[in-house]
Amino acid sequence: MRVTVIGCGYLGATHAAGMAELGYEVLGLEVDPAKVDQLSAGRVPFYEPDLEELLSRHVTSGNLRFTTSFEEAGAFGDVHFLCVGTPQQAHGLGADLSQVEGAVVAIAPYLRGDALVVGKSTVPVGTAERLLAMLDEHKAEGATPRLAWNPEFLREGFAVKDTLAPDRLVFGVTEPSAEATLREVYAKVLADDTPCVVTDLPTAELVKVSANAFLATKISFINAIAEMCEATGADVWDLAEAIGHDARIGRKFLNAGIGFGGGCLPKDIRAFQHRAGELGVDHLTSLMREVDAINLHRRERVGQIAAEMLGELSGARVAVLGAAFKPDSDDVRDSPALAVAGTLHLAGADVSVYDPKANANAAKRFPTLTYEDSVLDACRDADLVLHLTEWPEFRSLTPGDLDGVVRRKQILDGRNLLDADAWRDGGWTFRSMGRR
Ligand code: UDX
């Protein structure tokens, strides 16, 4: 079996390398020639642990190649994974489906026999059915292409593990032969007793958005509780530990702080809200709207606490530790850390940012901030240190590391992961989010 992967961004590059690791000959299709050159040289154009080693090994062995040609990809593959992006629309909350639709129309005329197109991108429910009609309209004479939906749940920072050893597989199919092909493609993963749910196309599409909406809701729930804790003097960390011991609730994704960001959760809950609105499912629309609002309010809350600690924002020197939306990533899309840094800068503070991997991407998005190459450089003469992305090197910082570096010993732990007692014992004013 030969596999093509259409779209070699974050998801596609990882999936292509993963498919090669499962033993297939893989052709990655990417419309950006510069990316094709990079990937063909075994280089990954973003930071993801273990991915470059995996990808370059399969490029060197010849099992993994890249192209810009839909004609070549159509002729090559028996199975074609659709991994293009579905970003938020430029002027709306819905998903921009132009890349998915464009890819289907472009590949359709070149598909051979009964090739299987497998959607992995996150799409609004109902998209797969429309894509099936497009395939039918644009297919070559005599060809009978099939479509299935196999949503992807990988997390940045764990992308290789999540691809090769996922929690579960979901196959959305319209007929048994598509399920059989997917079972063959994933035979090695299924042999490890990975749970597999086989369902229809709309359910498979909804599984993905529901999973992300649930995770986002869980984070916003605990952040709303954090505000209750702030209003009452209660401690959200102890509370999360206590409710998390209930197996029905679970401790994961109950870390209150500055809220969620990244290329998935924020845009997916907005697209879900938009789609629910189109379908008249009003309670879901308002639930997603509130989840988004609570999340964005956390960023404002950091600004309020910073202002309380500094007295006057204008002219204050603020060190921001972290720009990526989470550790082990250089991704700054919808990053709460960078949004807070930008807001404080606009309010007149002199902001210095340091992130171990994301400085370059952050500088492209927010060129007016100052970027430094180390914690110490960012913290020099600071009136306030903000811990906003929980990289290990920040979590292991001690007050002694910054003594004599900062101007005022003040730190706000936006991720609730630093040792408050140690910082207070070191003579620092220490605040966190929803903690005593
Ligand atoms: C997410 C989903 O987890 C993944 O299954 C899906 O395929 C893509 O979207 P990802 O965007 O990589 O993955 O990040 P994730 O680990 O889910 O974190 C998202 C955001 O939530 C981060 O900004 C993180 O800091 C924040 N978060 C997470 C919290 O604020 N509190 C938590 O308890 C957990």
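The largest share of the shell around the ligand, 3 residues, is supplied by helix α10 (residues 201–232); helices (H or I, at least four residues) and strands (E, at least two) are DSSP runs, numbered from the N terminus. This is a predicted model, in which local features need pLDDT of at least 70 and side-chain atom pairs count only at pLDDT 80 or more, while totals for chains, interfaces and linings use all residues. Residues are numbered from 1 along each chain as its sequence is written.

**Ligand shell**

- Among the 20 residues around the ligand, those that come nearest are Glu 156, Asn 255, Phe 260, Gly 262 and Cys 264. A residue is near a molecule if its C-beta atom, placed from the backbone, lies within 6 Å of it.
- By type, the shell holds 10 nonpolar, 6 polar and 4 charged residues. Ala, Val, Leu, Ile, Met, Phe, Trp, Tyr, Cys and Pro count as nonpolar, Asp, Glu, Lys and Arg as charged, and the others, Gly among them, as polar.
- Domain 1 (2–199) and domain 2 (209–293) each give at least three residues to the shell.

**Domains**

- The protein chain is divided into domain 1 (2–199), domain 2 (209–293) and domain 3 (298–432), with bounds that come from an automatic or database domain assignment.
- The C-alpha centres of domain 1 and domain 3 are 38 Å apart.
- Contact between these two domains involves 5 residues of domain 1 and 7 residues of domain 3; two residues are in contact if their C-beta atoms, placed from the backbone, lie within 7 Å.
- On the side of domain 1 that touches domain 3, 3 residues are nonpolar, 1 is polar and 1 is charged.

**Nonpolar core**

- The largest nonpolar core has 132 residues, of which Val 318 and Leu 386 touch the most other members. Such a core is a set of buried Ala, Val, Leu, Ile, Met, Phe, Trp, Tyr and Cys residues joined through C-beta atoms within 7 Å.
- Helix α10 provides the largest share of this core, 10 residues.
- Beyond its neighbours within four places in sequence, Leu 386 is in contact with Ala 306, Val 318, Ala 319, Val 320, Leu 321, Val 340, Leu 412 and Gly 414.

**Six-strand sheet**

- An open sheet of 6 strands runs in the order β11-β10-β9-β12-β13-β14, with parallel pairing; two strands pair if DSSP finds at least two bridges between them.
- β11 (370–371) and β14 (429–432) are at the edges with a single partner strand each, so one side of each has no neighbour in the sheet.
- Strands β9 (residues 317–321) and β12 (residues 384–387) run parallel and are joined by 4 bridges. Val 318 stands opposite Leu 384 in β12.

**Strand β4 and its partners**

- In strand β4 (residues 79–82), Val 79 and Phe 81 point one way, His 80 and Leu 82 point the other way, and all are buried. A residue is buried if 20 or more other C-beta atoms lie within 10 Å of its own, exposed if 12 or fewer, and partly exposed in between, with C-beta atoms placed from the backbone.
- β4 is joined by 4 bridges to strand β1 (residues 2–6), and the two run parallel; Ile 6 stands opposite Leu 82.
- A further 4 bridges join β4 to strand β5 (residues 116–119), also parallel, where Gly 119 is the bridge partner of Leu 82.

**Leu 11**

- Leu 11 is in helix α1 (residues 10–21) and counts as buried because it has 24 C-beta neighbours inside 10 Å.
- Not counting residues up to four places away in sequence, Leu 11 touches Cys 83, Lys 120, Glu 152 and Leu 154.
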